[in-house]
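User: I've got a new model open. Can you walk me through the fold?

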Amino acid sequence: MVLPANLKRCIKRLQCKNLIKSTYRHYSEIEEEIKNRNQKNLRFAAYVVYDSTFGAYDLFDLMLSDLEHYTPKIVVIPDVSRGNEHMIKQYHETKSFFIRKYGSEFVLDGWNEGENKFVDYSDEFDVVYLANPYDIMVDKIHGLSYLSTKNILPIYMSYGCMPDNYGCKIIMPLKEISLFWKVFADNKMTYKDYCRYELAKGKNVVLSGYAKMDSLAKFKENSRVKKRIIIAPHHTINNPALPLSNFLEYQNFYLELPKLFPQIEFVFRPHPLLFINMINEGYWNATQVNEYIKKVKDNGMIYSTGGDYFYIFFYFDAMIHDCSSFVVEYLFTKKPCCFMAKKNYKKIFSSLGKSCLKNYYLAFNKQQIIEFIQNVVIDEKDELKQKRELYTAKCLAVNYPNASEKILEEISL
């Protein structure tokens, strides 16, 4: 007998709810085991695919400063979803970044390249932070569906705040999100969205604040001669579920900016998936990507990829972008920002995103981008400054810059 589609969905939803409940019971047992054991130091691992999406710098630093009670490690794991060449290249870039930052003694290989085998560390840690929540992107032993069955407590801090409907209606309802032991929400609006859209209705969600942003407060202002602007195009060039990217429209215009404004220093900071998507979607080949990057550099722009991007956040004067997570993140800098919007942009964003964008300068064409650079950045006619700062303090900066301390309290059993 063939079951009707709506009945199949109901059965699947019920099975998922039962799995979530049994998983939470499993976590309760693990909590008790950790609390009652003789070994008191908490063994912590961060499973990281892309160094640029790592959101636990301050949390990791807090553990490093107290090695008597914590044993923190970075486990580098490969992205198996975008081809072998990209997997190898990104794996080495991510591994090199964390070795430079923390030292090789704190970095573990999640992949044995010589034997082409994935390494399972699930029996060696108590708490695991997944910088990537998507099972489809990694090997099975590095995914949450597998880790949630082991004797560990998996946690999630968003690698990028979710101010769009894609985040609310596609990511938050993922089974993986509800299978985490704890999910840490960046602000009150995000917390409410989890309670509304997550399958577990927020039962595993903690309002902590945006831990990723804590490290921004550590930077100290210095003097500089030239004004600096970040150009940050998103990767969603052919994604009907999240139609943000304007790269195909503005790719040549970006190259003209250093000539139009020679008094400005520009940094070109593409989303780490932009060019691999350009290749995989058939727009460019690898040679064309390299040629474009060369033009970026030859035209006097700084080309920035990977690693911790808060350095350019802090030491640059403004940003022009079409990235959803930056809609929230850049407001923490208190600096002016221009969002390259499409006419239907309000349909793309959630209430959080739309409220953030009220503090932005919107550009729907090249001329409006030019006007932003001239009027707001060069002439310093930043009419949204006070409004932007008040909004950020009231609505976004929950526990800032100490959200990581709140999370450490929550996971220290």
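User: How many helices and strands does the protein chain have?

Analyst: The protein chain has 17 helices and 15 strands; helices (H or I, at least four residues) and strands (E, at least two) are DSSP runs, numbered from the N terminus. This is a predicted model, where local features need pLDDT of at least 70, side-chain atom pairs count only at pLDDT 80 or more, and totals for chains, interfaces and linings use all residues. Residues are numbered from 1 along each chain as its sequence is written, and side-chain values use heavy atoms, with hydrogens and water left out.

User: What is the strand order in the open sheet of six strands?

Analyst: The order is β12-β11-β10-β13-β14-β15, with parallel pairing; two strands pair if DSSP finds at least two bridges between them. β12 (302-303) and β15 (361-363) are at the edges with a single partner strand each, so one side of each lacks a neighbour in the sheet.

User: How many bridges join β10 to β11?

Analyst: Five, between residues 227-232 and residues 264-268. I229 stands opposite F266 in β11.

User: Switching topic: what share of the residues is buried?

Analyst: Of the 413 residues, 54% count as buried, meaning under 20% relative accessible area (1.4 Å probe, protein chains only).

User: And what does the C-alpha trace span?

Analyst: About 65 × 55 × 45 Å along its principal axes. The radius of gyration is 22 Å, which agrees with the value near 22 Å for a compact globule with 413 residues; it is taken over C-alpha atoms, and the globule rule is 2.2 Å times the number of residues to the power 0.38.

Note on methods:
Buried means under 20% relative accessible area, exposed over 50%, partly exposed in between (1.4 Å probe, protein chains only).
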